[in-house]
There are 2 protein chains.
Amino acid sequence: MLGRLNHVAIAVPDMKAASALYRDTLGARLSEPQLLPEHGVTVVFIDVGNTKIELLEPLGENSPIATFLEKSPAGGMHHICYEVDDIIAARDRLKSQGARVLGDGEPKIGAHGKPVLFLHPKDFLGTLVELEQAG
Amino acid sequence: MLGRLNHVAIAVPDMKAASALYRDTLGARLSEPQLLPEHGVTVVFIDVGNTKIELLEPLGENSPIATFLEKSPAGGMHHICYEVDDIIAARDRLKSQGARVLGDGEPKIGAHGKPVLFLHPKDFLGTLVELEQAG
């Protein structure tokens, strides 16, 4: 069921400083910042060849990453995103095995324009897991 | 400078349960457990096609992940590993820009039999970064 690692997300308090670190210090290729007000984040993608790193900065009030950054003001790894061929089948299989899907359980459209779901970190080794419809 | 994402490491309190979760619930392909007493961990690699997830369980006294699991008993994302073409050149470039290398600053041999270094999380957005010699 589990497909490719689509991205690893890192929450950052300051996108300008985080982008400079990856671009200038680490010599990586970055996308332009993308504002996603409906998700409460600004994102920058870093192409590392085989997958992507997603930098997340809070946007607006009630950003879903604000609490995370209160606990980890310097930033930190926030979630990991796997691709699945059929997000509805994957969700139903996981739910039947007792895993909890966050929110109302229905896929939302993510940063790549594809349906995504988040799974409860308590059911996945303390790791917030995002599933994204592949293809 | 920054190359492919070699792996994302997840610290887990119970390798048996963690392996079952990824194998049975998520349907992933796992390696056999590998005991690395000199690193104080048992590792299992999960092949997700484009990169790997590394499950880490403490092994022996003074495991470097014991403190992490005390703070996060359910487990969690522990570090991220990037490949670099020349680990010594990468280290020297990063040090010249003020980044701190953990330990004595000399590469050690990692789980794949290649030289690795760890960078201070405070210099990398709260994320423990491992560099591994590519190729």
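UniProt positions here follow the numbering used in this text, feature names are shortened, and annotations may be inferred rather than shown by experiment. This is a predicted model, where local features need pLDDT of at least 70, side-chain atom pairs count only at pLDDT 80 or more, and totals for chains, interfaces and linings use all residues. Residues are numbered from 1 along each chain as its sequence is written, chains are lettered from A and ligands numbered from 1 in the order in which they are written, and side-chain values use heavy atoms, with hydrogens and water left out.

**Exercise 1. Find the annotated domain in chain A and describe its make-up.**

Step 1: the UniProt record, an unreviewed entry, puts "domain: VOC" at residues 4-134 of chain A.
Step 2: check the secondary structure, where helices (H or I, at least four residues) and strands (E, at least two) are DSSP runs numbered from the N terminus. Over that stretch, chain A is 21% helix and 36% strand.

**Exercise 2. Work out how S6(A) is placed and which strands it pairs with.**

Step 1: start with burial, which means under 20% relative accessible area, while exposed is over 50% and partly exposed is in between (1.4 Å probe, protein chains only). Nine of the nine residues of S6(A) are buried, so this strand is largely enclosed by the rest of the structure.
Step 2: find the partners; two strands pair if DSSP finds at least two bridges between them. Strand S1 (residues 5-11) of chain A runs antiparallel to S6(A), with six bridges, and Ile10(A) sits opposite Met77(A).
Step 3: S9(A) runs parallel to S6(A), joined by five bridges. Here Tyr82(A) has Leu131(A) as its bridge partner.

**Exercise 3. Is Met77(A) buried or exposed, and what does it touch?**

Step 1: Met77(A) belongs to strand S6 of chain A. With 11% relative accessibility, Met77(A) counts as buried.
Step 2: list contacts, meaning heavy atoms within 4.5 Å. Leaving aside neighbours within four places in sequence, the partners of Met77(A) include Val8(A), Ala9(A) and Phe68(A), plus Met77(B), His78(B) and Thr127(B) from the other letter, B.
Step 3: compare sequence with space: Met77(A) and Ala9(A) are 68 residues apart in sequence, yet their C-alpha atoms are 6.0 Å apart.

**Exercise 4. Over in chain B, trace the partners of S1(B).**

Step 1: seven of the seven residues of strand S1 (residues 5-11) of chain B are buried, so S1(B) is largely enclosed by the rest of the structure.
Step 2: S1(B) pairs with strand S6 (residues 76-84) of chain B in the antiparallel sense over six bridges, and Ala11(B) is partnered there by Gly76(B).
Step 3: strand S5 (residues 52-58) of chain B is joined to S1(B) by five bridges and runs parallel. In S5(B), Leu56(B) stands opposite Ala11(B).

**Exercise 5. Where do Leu125(A) and Asn62(B) sit, and are they buried or exposed?**

Step 1: Leu125(A), a residue other than glycine, has a positive phi near 60°. Leu125(A) lies in the loop between S8 and S9 of chain A and is buried, at 12% relative accessible area.
Step 2: Asn62(B) also has a positive phi, near 55°. Asn62(B) lies in the loop between S5 and helix H2 (66-71) of chain B, and is exposed at 75% relative accessible area.
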